[in-house]
Amino acid sequence: MFSKRFALAIGCLAAAGPCAADRLETLIHDTLIVPLVTNTTGGDYEVLVESISLTDVATDISDIVSIHNGRAFSVIANLHWEEQVYDINSTNTLYWEMLINDVVEDQGALDLRASRSLPAQLEAGSATVDNSGKQNIKVKITLDESEQENDRDYESFAAGASFVPLVIVIFFAASTKMVRCSNCHSSLVFAFEIPETHVSILVQHIKVELSLGMGIFAGSCMVAGTLVGGFRTMLDVYILDALADKDHGYVFLFILFMAGLVGLIEKSGGLAGITQALKGYVKTSRSAQGASFFAGIIIFFDDYANTLVAGASMRPLTDACVVSREKLAFIVDATAAPIASIVPISSWVGFEISLIQSELNKILASDPDPRIATTGFAIFLETIKYRYYCIFMLFFMPLLIASGRDFGPMLIAERLTKVYGRTDGGPGGAVSADGQAIKSHNAPKPDTPCKWWNMAFPIVVLVGYIFYLLVWTGKQSGVGGESFIELIEISNAYQALLWGTMAAALTALAFYFIQDKKDGRIIFFNAKGYMNKMQRFFDRNRGRCRRGQDQGMVSMDGEEEEEHAKVLMDYHEAMSSFLIGMEKIFAALVCLTLAWATGAIMQAVGLNRFFGEILTNPALDYRMLPTLTFIIAILIAFSTGTSWGTMTIMFPLVLVPSYTASAGDPTIFYGVTAGILAGAVAGDHASPISDTTILASMASECQILQHVRTQAPYALMVSIWSVLVGTIPSGRGAFANWVSILLGFLMMLFHVVFTSEFAINKTGRYDIFTELYLRCTRDKEFLMKLKEDTILAYETGEPVQLPDADKLIEEEDDGPVKDHTEMKTPDKSGTGGKGSSIASGTFSDEEKVVVHDDKKQDEMDVEKQEQAVVGGVDSAL
C-alpha cells in the first residue's frame, strides 16, 4: 500500500513539470504523511521539558549551578520528543515562557518548520537577578493544546561571595597549624612550629582534611541554600563525583600501584642500597639536592611519575645528607610540572595542544589567513619562550642548590635540620596521628643484603614501560603515519601510567624472586638452591623429615637447613610489603579526593566566572592581556588546585577574544597562551589543594602545609619577576624576548646572592625578610634561640646537642623535659660519619666547619644513620 502511494506521488510530481519544486512538500504531505498519521492513536506533538540549565552570558560558561547578583545568564531548556506521532493540523509553532519566581521574564515562539529536525534544546531567553536567596526558574512551553513545564531552584548571591570557600580553606589551614600548651609563653609564628624534638611543649597537628572539608561544606551550603542540603550535596555530589570520575580513578590506581612498588623496593633493601651506593659520590647537602633535581629532569615525560619516583627514591639520600623534607618536596614539586609542561614529549603536550587547537579552529573560521601559526603544536612551540615562570623556576632551583642558600620559611626549615644534625628530614617530616614521626614497618630483614640494583632496575623498567605505553596508546588513537612526537601528544597518559606502574611492580616482583640471599651475598638463578628446595619439599611430603624439627635438618648435599640460601623476598613478604606501601599513602588519597572536590566547589560558586569577567572586559588595554591572563590563571589554579582544570577554563575565555582585541598580533597571542600555561603551573605550586602539592608531600613524606608554606614564597618571588621582566615588557614590546629571559636569570641570581643566607653562618643571621620580621615582632624567642644555636654550630663544627636545644624551655616547664629519642644526632666525640652532612661538607667553606677524623667512630655513626634511613629493622614479616 505504501509503495503505491509513493508511486502516485512520483507520478504527480512528474506531471507537475516546472512547478515540481513548489509542490513537492504538499504532494508528499497529502499522499504519504496524512494517510499514515490517520491510523495513529495520537493527535499532537508530545514534547517534554526534561531539564533546565544556565549559561553565564559574559563568559559563556555553561551548566552553572549558582547565580551572581546582577550578572546576566541565559536559560537553556532540554527537550524530549515522543516518537511516531504528528498532527497534520498542528500550527508547528512552539510558544515558550521563562519565569523567575513565577514572574515572566522572557517569552517567545519557535517555528518548527524552520529546521529539518526537531530541536533538542530551546534557548528560553536571558535574565538577571538582584536579590540574594533562592530563585525558582521555570520554563513553560505550549504546542497546540499541549502545555509542559519544568523548573529548578538556584541560589543567588553577590559575586564577591564566591571567595568564601577559598577564604575558609585558607583560614582553617592557618588556624589549625599549631596548638598552644598552657605553659607555653611564646610560639613560633613565622610559619613554623617549634619542633617537637626540641621544644616538647608545642605539638602541631596540621589538619588539611579539616580545612578542605570545611571549604567544601561552605560552598555546598551556598549552592544548596540550607545546612542540611549542603551536607547532602557535599557527600552525594562533590565528594562522590570526585571519586566516580574515571580519570580520577586512573590517578588513584596509579598512585596505589606506585606506592606498592615503592613498598617492594623498600622491603628488598633497594632504598637502603641506593643510599649506600651513592654515599661515596653524594656526600653533601648540595650534591644530594642536585641529584634530586637531576632525577626530576630525567623523568620529564609526566609530572605525576616525576613527583612520585623522584621523591621516593631521593628521600633516603637527602635524609642521610641532612636535607629537610621541605627542601626535597620543593625540588620535586617545582621540577615536575615546569619541565613536563614545556618539553614537547610529555603527557601534558597532547592536552595543551588539544585546547589550543580547539580555539585555533574558531580563529581560522573567521580569519583564514592569520599572522599566527595555524597548528596547535606550532603554537605550543612558539609559546615555550614566553613561559617565563617555568623558565625562571628552572633557573632558580639549580642556583639555589649550588649556593647552599635559602630565604624565608625554607631557610628556617633547613636550619632546623642542619643545626641539630637531624637525619630524619627535620620537623617538617610527615607525622602520624599521634604527632610522632612516621616509622617504617616495612624495613628489610637483618639478613637481607641492601643492593642498589634492587631499586635501580624497577625504576628503569618503570620509565621504560611508561614511555613505551605512551607511544602504544598514541598509536591506538592515531590514524597511522604519526611521528614519534605526535604519538606522545595524542597518547592516553592515564592508561600508560596505570598499566606501566602495575607492569613494573610485577616485573620487580619476578626480579626479586630470582635472587637468593646467603651470608650477605646475592645469588642470581641459584640452580643448586632450587634443586635443594625441591628435594626438601618432596622429602617433607614423603614424611622423611619430622615436622617441627628446626635444627639439624640435612639436605642431600649435607648442608644444614639454616645455611641454605633463601629467596630475597618470598610471596608472603612481597604481598605484605606491597599492601604496606599502599597503606602509607591512604591519608594522601583522602586529601587528594577532597582537593578535587574543593576545585569543583570553587567553580560551582562561580569563582571562575568572577575572574573570567575581568579578562573579557572590552575596556581593557590588550597589551596587558598577557600579564592579566598570567595573574588570573595563577588565582584560578590556586583556588581550584588543578592546572589542567585552569587551562580548560581559561582557553575558551581568553584566546579568541585576545586575538580579536589585538588584531591578530602574534606576540600578544603567544603571550596570552603562554600566560595561561605558565600561570596554571605557578598557581598549582602555591595551592594547598593541588594534586601535585599533595603528591610531592606524600612522596617526600613531608607535612603538606609545611611544604606549602616553604614553597609558596619561592613561587611568589618567581611569579613577580615573571611579570616585571617577562609579561609586561613582552606585551608592550619594550625589548626582545631573549632580554626578558636574561633579566630573569639575573634576578634569580640576585635573590640567591643578596636576599638568601647560608643555613649555617658565623653570625647566625637570617635572610633580610626574616630579619625584618624579627624587628617587628615580639614573639621571637624561638628564632633568637635558633640563631644562637646556629652560631654555636658554626664555631664548633658540630651539631647542637639536645640538652642545649632544650635550654629554651627548661626554666618554664614545670614537668620533666620529654626524652627526644627520635633525634638522630652524633655525639660530641664524632660529628657524624661519611653519611653525615656535617662531617662530609654540608657546612660550606664559608661556614668554616671543623671536620674530625675519628674514622672508627664515623663508621659506627654511618651504620646508625643508615638504620634511621630505612626505618629500623622489622623482623615480624
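## Starting from one residue

In which helix does Ser719 lie? Ser719 is part of helix 26, which covers residues 704-732. Helices here are DSSP runs of H or I with at least four residues, strands are runs of E with at least two, and both are numbered from the N terminus. What you are looking at is a predicted model, where local features need pLDDT of at least 70 and side-chain atom pairs count only at pLDDT 80 or more, while totals for chains, interfaces and linings use all residues. Residues are numbered from 1 along each chain as its sequence is written, and side-chain values use heavy atoms, with hydrogens and water left out.

Is Ser719 buried or exposed? Ser719 counts as buried because its relative accessibility is 8%. The scale works like this: buried means under 20% relative accessible area, exposed means over 50%, and partly exposed lies in between, using a 1.4 Å probe and protein chains only. Leaving out residues up to four places away in sequence, Ser719 touches Tyr389, Phe630, Ile634 and Ala682; a contact means heavy atoms within 4.5 Å. Ser719 and Cys390 are 329 residues apart in sequence, yet their C-alpha atoms are 9.4 Å apart in space.

## Helix 26 and its ends

Now follow the helix itself. Helix 26 has 29 residues and spans 39 Å from its first C-alpha to its last, close to the expected 42 Å. That expected span is 1.5 Å times one less than the number of residues. At Val723 helix 26 bends by about 40°, where the bend is the angle between axes fitted to the seven residues ending there and the seven starting there. Helix 26 is mostly covered, with 22 of its 29 residues buried.

Glu701 sits in the loop between helix 25 (691-700) and helix 26, and Glu701 counts as buried because its relative accessibility is 14%. Glu701 has a positive phi of about 55° although it is not a glycine. After helix 26 comes Gly733, with a positive phi near 65°. Most residues other than glycine have a negative phi.

Strand 1 (residues 47-56) and strand 2 run antiparallel and are joined by 2 bridges. Two strands pair if DSSP finds at least two bridges between them. Leu54 has Ile64 in strand 2 as its bridge partner. Asp63 also lies in strand 2, residues 62-64. Asp63 counts as exposed because its relative accessibility is 57%, and its phi is positive, about 55°, although Asp63 is not a glycine.

Strand 9 (residues 146-157) runs parallel to strand 3 (residues 66-68), and 3 bridges join them. Here Ile67 stands opposite Ser156 in strand 9. Strand 8 (residues 133-143) runs antiparallel to strand 9, with 11 bridges between them. Strands 8 and 9 form a hairpin with 2 residues between them, and Asp144 in the turn has a positive phi of about 55°.

Another open sheet holds 3 strands in the order 12-11-13, with antiparallel pairing. Helix 17 (residues 493-513) lies across strand 11, strand 12 and strand 13, at about 45° to strand 11.

## The cores and the whole chain

Which residues touch the most other members of the largest nonpolar core? Among its 173 residues, they are Phe73, Ile255, Phe330 and Phe396. Helix 6 (residues 246-267) gives the most to this core, with 13 residues. A nonpolar core is a set of buried Ala, Val, Leu, Ile, Met, Phe, Trp, Tyr and Cys residues joined through side-chain atoms within 4.5 Å. Leaving aside neighbours within four places in sequence, Phe396 is in contact with residues including Phe330, Tyr714, Met717 and Val718. A second, separate core of 16 residues includes Leu416, Leu774, Phe782 and Val800.

Finally, step back to the chain, which has 33 helices and 14 strands. Buried residues make up 55% of its 877 residues. Among contacts between residues at least 6 apart in sequence, 77% join residues at least 24 apart.

How values were computed. Axes are lines fitted to C-alpha atoms, for helices over the stretch in contact, and angles run from 0 to 180 degrees between N-to-C directions.
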